Amino acid sequence: MTDTARDRTASAVYRERLSPGAFALLVAAFFGASLGVLLVPLSAVAAGIVALLGAVLVPAALVATSPVVEVTDERWRVGRAQIDRGLLGAPQTLEGADWDLAMGPGFAPREFHCTRGWIRGGIRVPLEDPRDPHPAWVVSSRHPDRLARALSTEDDASTA
């Protein structure tokens with residue numbers, strides 16, 4: 001781990017990887033294994049090797065490419081995107097019907113989205129930067145309440 005990565009992790013107030021759950025990984029493993037079927041007419045051995053590699057590599061790729069949501073004292077990072085916390089409005093947790101509305105009929109294409117279908121909740125945070133083309137960020141989270149508390153600037157003001 002580099003010094004920069006260690007410093008970033010050490011000052012993290014909240015950190016979550018949006019990796020798939022067990023069921024999604026199982027489906028990915030079956031999909032990866034099914035790739036071996038393509039090679040059965042050519043070689044049973046090659047088909048077996050591809051099936052085994054696919055069953056391991058496809059789920060591993062899903063986990064490796066899962067974005068990280070991280071809140072530090074100064075910044076909020078979602079995957080490769082990041083923003084100063086001072087530019088954030090009040091976070092709104094979205095669960096159940098609220099999440100379904102945000103991802104369905106209420107979907108706002110101008111907002112920045114980092115969502116995963118296997119996570120059924122998240123938060124919406126309006127931005128207070130008039131120069132930013134995105135009026136808000138909508139981000140999946142397995143713990144939307146904890147993420148909203150970590151982003152809340154009220155807690156920062158009360159401790160100062």
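**Notes on the predicted model**

1. At 38% relative accessibility, Asp-100 counts as partly exposed, because that category covers values between the buried limit of under 20% and the exposed limit of over 50%. The model is a predicted one, and in it the side chain of Asp-100 meets that of Arg-120 in a salt bridge, at 2.5 Å from N to O. This pair links distant parts of the chain, since Asp-100 sits in helix α4 (residues 97-103) and Arg-120 in the loop between β6 and β7, 20 residues apart. Arg-120 is itself exposed, with a relative accessible area of 54%.

2. The structure holds six salt bridges, and another of them joins Glu-111 to Arg-124, with the closest N and O atoms 2.6 Å apart. Here too the pair links distant parts of the chain, Glu-111 being in the loop between α4 and β6 and Arg-124 in strand β7, 13 residues apart. Glu-111 counts as buried at 10% relative accessibility, whereas Arg-124 is partly exposed at 25%.

3. The side chains of Asp-84 and Arg-75 also meet in a salt bridge, with an N to O distance of 2.0 Å. Asp-84 is partly exposed, with a relative accessible area of 37%, and Arg-75 counts as partly exposed at 28%. Elsewhere, Arg-15, Glu-70 and Arg-77 are linked in a network of salt bridges.

4. For the overall layout, the protein chain has six helices and eight strands, which follow the pattern α-β-α-α-β-β-β-β-α-β-β-β-α-α along the sequence. Of its 160 residues, 32% count as buried. Among contacts with a separation of 6 or more, 66% come from residues 24 or more positions apart. The accessible surface comes to about 9500 Å², and 61% of that belongs to carbon and sulfur atoms.

5. In soluble globular proteins, nonpolar side chains tend to be buried together. The largest nonpolar core in this model has 20 residues, of which Val-69, Trp-76, Val-78, Trp-137, Leu-147 and Leu-151 touch the most other members. The elements that give two or more residues to this core are β2 (68-72), β3, β6, β7 (121-126), β8 and α5 (144-151), and α5 gives the most, with four residues. Leaving aside neighbours within four places in sequence, Leu-151 is in contact with Val-71, Trp-76, Arg-85, Leu-88, Pro-91, Ile-123 and Val-125.

6. The count of aromatic pairs comes to two. Trp-76 and Trp-137 form a tilted pair, at 5.0 Å centre to centre and 40 degrees between the planes; Trp-76 lies in strand β3 (residues 75-78) and Trp-137 in strand β8 (residues 136-140), so the pair ties together parts that are 61 residues apart in sequence. Trp-76 counts as buried at 0% relative accessibility, as does Trp-137 at 4%. The rings of Phe-112 and Trp-137 have their centres 4.5 Å apart and their planes at 40 degrees, so this pair is tilted as well. Phe-112 lies in strand β6 (residues 112-114) and Trp-137 in strand β8, so this contact ties together parts that are 25 residues apart in sequence.

7. Val-45 is found in helix α3 (residues 44-64) and is exposed, with a relative accessible area of 59%.

Methods
Residues are numbered from 1 along each chain as its sequence is written. This is a predicted model: local features need pLDDT of at least 70, side-chain atom pairs count only at pLDDT 80 or more; totals for chains, interfaces and linings use all residues. Side-chain values use heavy atoms; hydrogens and water are left out. Buried means under 20% relative accessible area, exposed over 50%, partly exposed in between (1.4 Å probe, protein chains only). Rings of Phe, Tyr and Trp (its six-membered ring) pair if their centres lie within 6.5 Å; planes under 30 degrees apart count as stacked, over 60 as edge-to-face and the rest as tilted. Contact means heavy atoms within 4.5 Å. Accessible areas come from the Shrake-Rupley method with a 1.4 Å probe; for residues, only the protein chains shown count as cover. A nonpolar core is a set of buried Ala, Val, Leu, Ile, Met, Phe, Trp, Tyr and Cys residues joined through side-chain atoms within 4.5 Å. A salt bridge is a side-chain nitrogen of Lys or Arg within 4 Å of a carboxyl oxygen of Asp or Glu.
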